[in-house]
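Please keep the model open while reading.

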Amino acid sequence: MARSAITRHRSPRGHASNYSVTTVYGCPLPLGWTQSEHENRGGKRAWQDSNLRHTAPETVALSPELQAAGGIGLQLGSDIERRSAEIGYWFGEAFWGRGIATAAVGVLTRYGLETLDLTRIFAVPFASSSASIRVLEKCGYICEGTMHRSAIKEGAVIDQVLYALTDEDFARRSLMA
Ligand SMILES: CC(C)(COP(=O)(O)OP(=O)(O)OC[C@H]1O[C@@H](n2cnc3c(N)ncnc32)[C@H](O)[C@@H]1OP(=O)(O)O)[C@@H](O)C(=O)NCCC(=O)NCCS
């Protein structure tokens, strides 16, 4: 695919107002929630608080045409987990299936492990999020197990899976590439 980029300068939020995106995403999104989700999470304030904990609150991923295609960020751990971070991402449906998510997750993973000196980046996609799981696996993330009945989405109790990539596995992978 053509090169994609990650930047802080544009807002992709219009693309979040889409049920296909919000139904498989765990974090608060500013648009596209059901009313009850909005109320349960404290609305806009929860979105802002959530973003304040990210290293890159306004980071968006760009499509090769330089349109804002979605959002991606690292939520840094603290105290004894200060060298761990959770990666989260979503992309507008119009941009799916073009390798943009894989490129963006790959770039931010490298940034986290090499520049931020993290020892581990992890993600917790829903067990049913096959595309998201595929993106993580293509970027070298390894499945560490199923977190049975660990989340509630739209009133249903669901499983999540824990995927992680350590600095050591990343270095080994880079050597082999
Ligand atoms: C998950 C998501 C980021 C993927 O974006 P994308 O731009 O389509 O991803 P890519 O094009 O880089 O790669 C998608 C991969 O998943 C595969 N895929 C797509 N749908 C799939 C499905 N239903 N089952 C299995 N694999 C699937 C694609 O074939 C591709 O793999 P391939 O290159 O080996 O063929 C996007 O669907 C999204 O934003 N979803 C909503 C939010 C979300 O789920 N966020 C992740 C939370 S952890």
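**Ligand shell and core**

Strand 4, helix 4 and helix 5 each supply at least two residues of the shell around the ligand. Helices (H or I, at least four residues) and strands (E, at least two) are DSSP runs, numbered from the N terminus. This is a predicted model: local features need pLDDT of at least 70, side-chain atom pairs count only at pLDDT 80 or more, and totals for chains, interfaces and linings use all residues. Residues are numbered from 1 along each chain as its sequence is written.

**Around the ligand**

- The ligand is surrounded by 23 residues. A residue counts as near a molecule or strand if its C-beta atom, placed from the backbone, lies within 6 Å of it.
- The closest are Trp 96, Ala 101, Thr 102, Ser 130 and Arg 134.
- Helix 5 gives the most to this shell, with 5 residues.
- By type, the shell has 14 nonpolar, 7 polar and 2 charged residues. Here Ala, Val, Leu, Ile, Met, Phe, Trp, Tyr, Cys and Pro count as nonpolar, Asp, Glu, Lys and Arg as charged, and the others, Gly among them, as polar.

**Overall layout**

- The chain holds 6 helices and 7 strands.
- Their order from the N terminus is β-α-α-α-β-β-β-α-β-α-β-β-α.
- Of the 177 residues in the chain, 31% are buried. Buried means that 20 or more other C-beta atoms lie within 10 Å of the residue's own; exposed means 12 or fewer, partly exposed in between, with C-beta atoms placed from the backbone.
- Among contacts with a separation of 6 or more, 54% join residues 24 or more positions apart. Two residues are in contact if their C-beta atoms, placed from the backbone, lie within 7 Å.

**The largest nonpolar core**

- This core has 27 residues, and Ile 87, Tyr 89, Ala 104 and Val 105 touch the most other members. A nonpolar core is a set of buried Ala, Val, Leu, Ile, Met, Phe, Trp, Tyr and Cys residues joined through C-beta atoms within 7 Å.
- Two or more residues each come from strand 3 (68-76), strand 4 (84-91), helix 4 (100-115), strand 5 (120-123), helix 5 (130-138) and strand 7 (156-166).
- Helix 4 gives the most to this core, with 7 residues.
- Leaving out residues up to four places away in sequence, Tyr 89 touches Gly 70, Gly 71, Ile 72, Ala 101, Ala 104 and Val 105.

**Helix 5 and Leu 136**

- Ser 132, Val 135 and Leu 136 are the buried residues named in helix 5. Seen down the helix axis, the buried residues fall within an arc of 95 degrees, so they line one face of helix 5. The arc is that of the directions from the helix axis to the C-beta atoms.
- On the other side, Ser 130 and Ala 131 are exposed.
- Helix 4, strand 5 and strand 7 are among the elements covering the buried residues of helix 5.
- Why does Leu 136 count as buried? Because 26 other C-beta atoms lie within 10 Å.
- Beyond its neighbours within four places in sequence, Leu 136 is in contact with Val 105, Ala 123, Pro 125, Tyr 141 and Tyr 163.
- Leu 136 and Thr 102 are 34 residues apart in sequence, yet 7.5 Å apart in space, C-alpha to C-alpha.

**Strand 5**

- Ile 121 and Ala 123 form the covered face of strand 5, Arg 120 and Phe 122 the uncovered one.
- Strand 5 pairs with strand 4 in the parallel sense over 3 bridges. Pairing requires that DSSP finds at least two bridges between two strands.
- Ile 121 in strand 5 is the bridge partner of Ala 85.
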